[in-house]
Every structure is written in structure tokens, then in C-alpha cells.
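This report examines selected features of the structure shown below.

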Amino acid sequence: MAVSAIKEYVGVARDSLEKFNGKQLVYFSWDHHLLFAAPFLLCVEPQMTVQQLIDGALVPLLQADPDAASLDWSQVEWLKSNQPWRPELQRSLADNGIGHKDQIRLRTAGLNSLQSAA
Amino acid sequence: MDMKAGKKKLGLKEKYRLLTRDLGWDSSYHSKEEIFPYANYEGIKIHDWEQWEDPFRLTMDAYWKYQGEKERKFYAIIDAHAQNNGHLNITDARYLSALKIFLQAISPGEYTAHKGFARVGREFPGVGTQVACQMQAIDEIRHAQTQIHAMSNYNQFYNGFHAFSDSRDRIWYTSVARSFFDDAMSAGPFEFMLAIGFSFEYVLTNLLFVPFMSGAAYNGDMATVTFGFSAQSDEARHMTLGLECIKFMLEQDPDNLPIVQAWIDKWFWRGFRVLGLVSTMMDYMLPKRVMSWREAWNVYGEENGGALFRDLARYGIRAPKGWSDAGKAIDHMSHQLMLGLYQWSFGTAFHSWIPSDEDMDWLSAKYPQTFDKYYRPRWDHLKKLAAAGTPFKNFGLAKLCQTCQMPVVFTEPDDPTLLCHREGVYKGDKYHFCSDHCQEIFDREPEKYIQAWLPMPALFQDPLNGDIGAWMNWVNLHDGVDNGDYAGSQDQHNFEQWRRMATSNPS
């Protein structure tokens, strides 16, 4: 049994998709950029394009990092569920297969400004 | 007819027998299974409850006498503290952040522990165990009350104390401690005993209470020191009960060993995550620090914990699975979490701040391998942003671990530059974790943890739907008063003004 209980017991998932009124959660992190203490939690519409997500949410959030200005979105490496992956920026999150609570990661080789030179 | 008087007073041993073991009886209308329906489902096999030893042999009459005496002393000192303006004798008001976190996250845990021990005292079939749990249930509610009373004096003068029960229920960082207790409360009686009695009271209590009480003493907080002393003699009894319970399970049946070991693995790691909050307190929040989190871990974790697990090895118990990853995290965890608390401080009912140059030098000295290399550059950058009038606030909010509910601030055990990303799928839904150990806990009982109320996702559901202002009202957080940077806060202003009035003749 998937829980220790005195009889058959089925739980109800608290954060399932239908609780978000047509939106969904997406988690986003920029590898090795730990000024941002944890992956961001974003609540967005699945019809939004990846480009809209970048312009509307990610660029403003990442602005505080000194590397943000040198970030070239056409050159970045993407990961989804920790696997290499490439989104089509002009298509929607749904078309890109970004599901509820998916974790997207960004890798930018060479950008690591807040690490000590030592 | 007159009652015939007894020959003499009862001996201690006889009194203990009459007042504990003699209170049990065999039922005749109902089976034992009907009366104690929760005693078997966890798989723990007990053959003889009479083997349970209560090392303290404390009886109720003696218990009331001791506790009553302690209460009288405690409240005398609390009165003196209030009359002598104790709220001005602390080092400075930054210290209060540690106290606020304690009141919001830990004191309510004492109350939960009270409810838990009252419950398992009913659920265990052995009468010796029932009595011991009953006393601990009363201890725990007394601890909750004395802590709340001790801190209530500060509530008259400083912000962030006024809504600790709303904070406990609704705000985000408290859910780390709350979910620890909720997890234990919704487990069976044996697992509860291991979680609270053994893991919390025995393995982790030194790391929570000793630094906290010493921190209070170092920073002039007599009220808190007093409840620490008042609780201390109870803690000794609780630790003994927790250890007795674990030995009892292991001695009763060899089949109990793998169950107990899995609980030790789980509850060590859950407790270790709660200690993340304590680590920030020790390294960052005390104006006058006692020792670093690393130094505390060396003494109370490595040495004491190590000795305990060597002692339990004769029962076949090994150190908890997460032990080595815990060791790797020690030099990083306080910095990683404090950077988070600072950037999310718009949502905390306590103040954070950027460490001063002097504080940072202390941190470099205490963490020579990690602070200058990884963390000083981040604080320096935050300092620059604050100086430019654009202090960093991270409105991205945070991904939380499904199990421990901590924002996922911790890095890979072997790479401090990379956040630990762990995820799994259960019944078609994704779940995220801060570590392998939290994922393993989830995987053993997914039906339990999918129900977890995670504060960040909840903020985006009905009725708040992402409205931060409405959220602040709901958690009873006064924006611009309770939260944000200590620098420029009302707490800072008031403390400095009152202290000046108490120590000089301001014009």
C-alpha cells in the first residue's frame, strides 16, 4: 500500500492542475546562478508562448543578476525534467509539451559572474 | 464505621506500582484489538508490554509537585523581566528575529506534540507507556504555554509577534516545522514515538535548544533563558522515554529492525531540514553569536549523534541514510537559506538584513572553505543593489519540496554551485524534492504526501489566486511593519530610541 494505514486509503492531490483556474505551474531555474535562492515558481497560462514567458516573466525576474545583460536567449541550453530539450519559442507552452509543474532549466556556458575568481 | 488507617506511608516502589502498572486491567466486554485498534497496523510486533521500563518511575503526585514548583519560579522571573524592562536588555532588536521564528514555528510544535502524546498515550496497550506519554503530553502543553507567555512581553513592544498562530498555520517558512509535526501526527503511535520521542527529542533537541537557549543568554534575553531552564528537566525525561521506546521495539522482535531503521532514516532527515532554520539563526541572526552552526554540528551532531548510533549498532541499527549528505551540507546550509530569507523577506513576519563587514569576516573565519568562495560574492552584490536604492526582492517566489516543504535552496551534495533538482511522477502528477532523501520519504508513502498543503502553490489557488496583498491580510502580516529589512524598520527605530532614553538624557 502506498501509505501506512489501517485500511485502504486514497489521498487527494492538493496541487493538481484543475485547482489553478485554467493556469498551470512552471518551475524555472538558471543553473549556477544562485543569487536566486531557489527555482522560481510561475503560475501561467498554457496558451502563452515560450517567448512571452521569457519576455514577460523571466527577463524581469533575472534582471538582478549581473549576467542578465549578457544572456543571449538564442544561444542557451535548455533542460526539461533534467533532460536536454529545445523549445520552439514562438509556440505555446502546451505545444512545447511544458506540462503542469514541469521544471525548466537554463544553462549558459561561460556566465558565472557571482562566483569568486578564487 | 471508621476506616482503618494504613500502617505507614507507601514505599516508592510500591507507590509506583499502584499508581502506574496497577491502573491497567484486562477487558472482558471487548477484545484487546477493539480497544487498541492502532497498535498493530504499522507492523511493529510487541510480545510483552510488561518489559517496558520507565527509568524515571515518576508517579503523578510527584509529577504535579515538581511541575508546580517550576511554574512558580518561572512566573516569578517572567514578572521580574517585565518590571525591569527586559525588552531593552537584549543586545539589539535583530536578536528578535530568532525569537519570532521560534514562536511562529517551534512553540506551536510543542502544542502539537502535546496532542500527539495525549493520543498515543491512549493508543499504546502498555500501561507503563500510557502513563509516561500522559506526563509528556502535559509537559508539552506546559512548554507551549510558558514559551508563549515568555515571549508575550516582547509583543507589547516589537512587531511580528502578534499573530504567531496565523503564521504557524498560513505563512510559508513555518510549514517546514508544521509539516514535520503533521507528518508525525498522522502516523501510527510507534512512528510518532520515534519521530518526536527519538528523532526530535533525542537526536536533534541539543541542536535546537542548546544553541537557542545559549543564544538567548548571550543576547540578554532572560525570559527565554527561563523557559529553557524550566523545560530542561522535562527534556531529560523525554529523551530517556524516546530512547527507551526505540530499545523496547528493537528488543521485542527482530522483525521490528527494518521498520525502525526506515523511520530513523526518515525522521533524521526531516529533522535535519527543520534545523536549516536553526542554522540561519546561529550564523546570521544573533547579534552576539554563541558558536557557528558548523561548531554546533561538530559537538552535537558528529560527536553526540555518532556516539548514539555506535551504541545502537548492537541492535543492528546503522547511522541514518542521510548522515553523510548532512555532513556535506553543514558548511553551506545556513548561507543558502539565509540568502533566501533575505530575498523573500517581503513575505516573512521577521526581519532579515545583509550581514555587516564584521559579520562577514566572522563568517569567513568560521567557514574558511566556503564563505568567501561561494557566499560573500552574493552578499556583496546584494549590498551593492541595496546601496543603489534597488534592494533585491525575489518576487519569483520559490519552488518547495513536496516532503519537507523547504524552498528548494539546497545544492547538490557534491556541487555547491548547482541547486539540487529532483522530481518524480505519481498517478500522472509531477512532484519535486530538495534531495534524494526527501524523495525517498515521498516514494514510501506517496498517498500521504500528495495531500501536503504547500504554501506557495496554494497562493495561486482559490481564493487568493496570486494576490500578494490579500495573502498578507490572510496570514496577518503587516506590510512595511513586520516584514522586510531590519535596516530602517520600526523595530530598529524603537529599540534604539528606547535604549537611548534608558541609558542617557536625550534632549
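Helix α6 of chain B, residues 164-170, contains Ser167(B); helices here are DSSP runs of H or I with at least four residues, strands are runs of E with at least two, and both are numbered from the N terminus. The model is predicted: local features need pLDDT of at least 70 and side-chain atom pairs count only at pLDDT 80 or more, while totals for chains, interfaces and linings use all residues. Residues are numbered from 1 along each chain as its sequence is written, and chains are lettered from A and ligands numbered from 1 in the order in which they are written.

Ser167(B) is buried because 28 other C-beta atoms lie within 10 Å; the term requires 20 or more such atoms, with C-beta atoms placed from the backbone. Beyond its neighbours within four places in sequence, Ser167(B) is in contact (C-beta atoms, placed from the backbone, within 7 Å) with Gln104(B), Thr174(B), Ala349(B) and Val475(B). Its C-alpha atom is 8.2 Å from that of Leu477(B), 310 residues apart along the chain.

## Helix α7(B)

Helix α7 of chain B spans residues 175-185 and is mostly covered, with nine of its 11 residues buried. Among them are Arg178(B), Phe180(B), Phe181(B) and Asp183(B). The cover over the buried residues of α7(B) includes α4, α6, α8, α10 and α18 of chain B.

## The contact between chains A and B

Chain B contributes 47 residues to the contact and chain A contributes 43 residues. On the chain B side, α15(B) supplies the largest share, six residues. By class, this side has 22 nonpolar, 14 polar and 11 charged residues; Ala, Val, Leu, Ile, Met, Phe, Trp, Tyr, Cys and Pro count as nonpolar, Asp, Glu, Lys and Arg as charged, and the others, Gly among them, as polar.

Technical notes: Two residues are in contact if their C-beta atoms, placed from the backbone, lie within 7 Å. A residue is buried if 20 or more other C-beta atoms lie within 10 Å of its own, exposed if 12 or fewer, and partly exposed in between; C-beta atoms are placed from the backbone.
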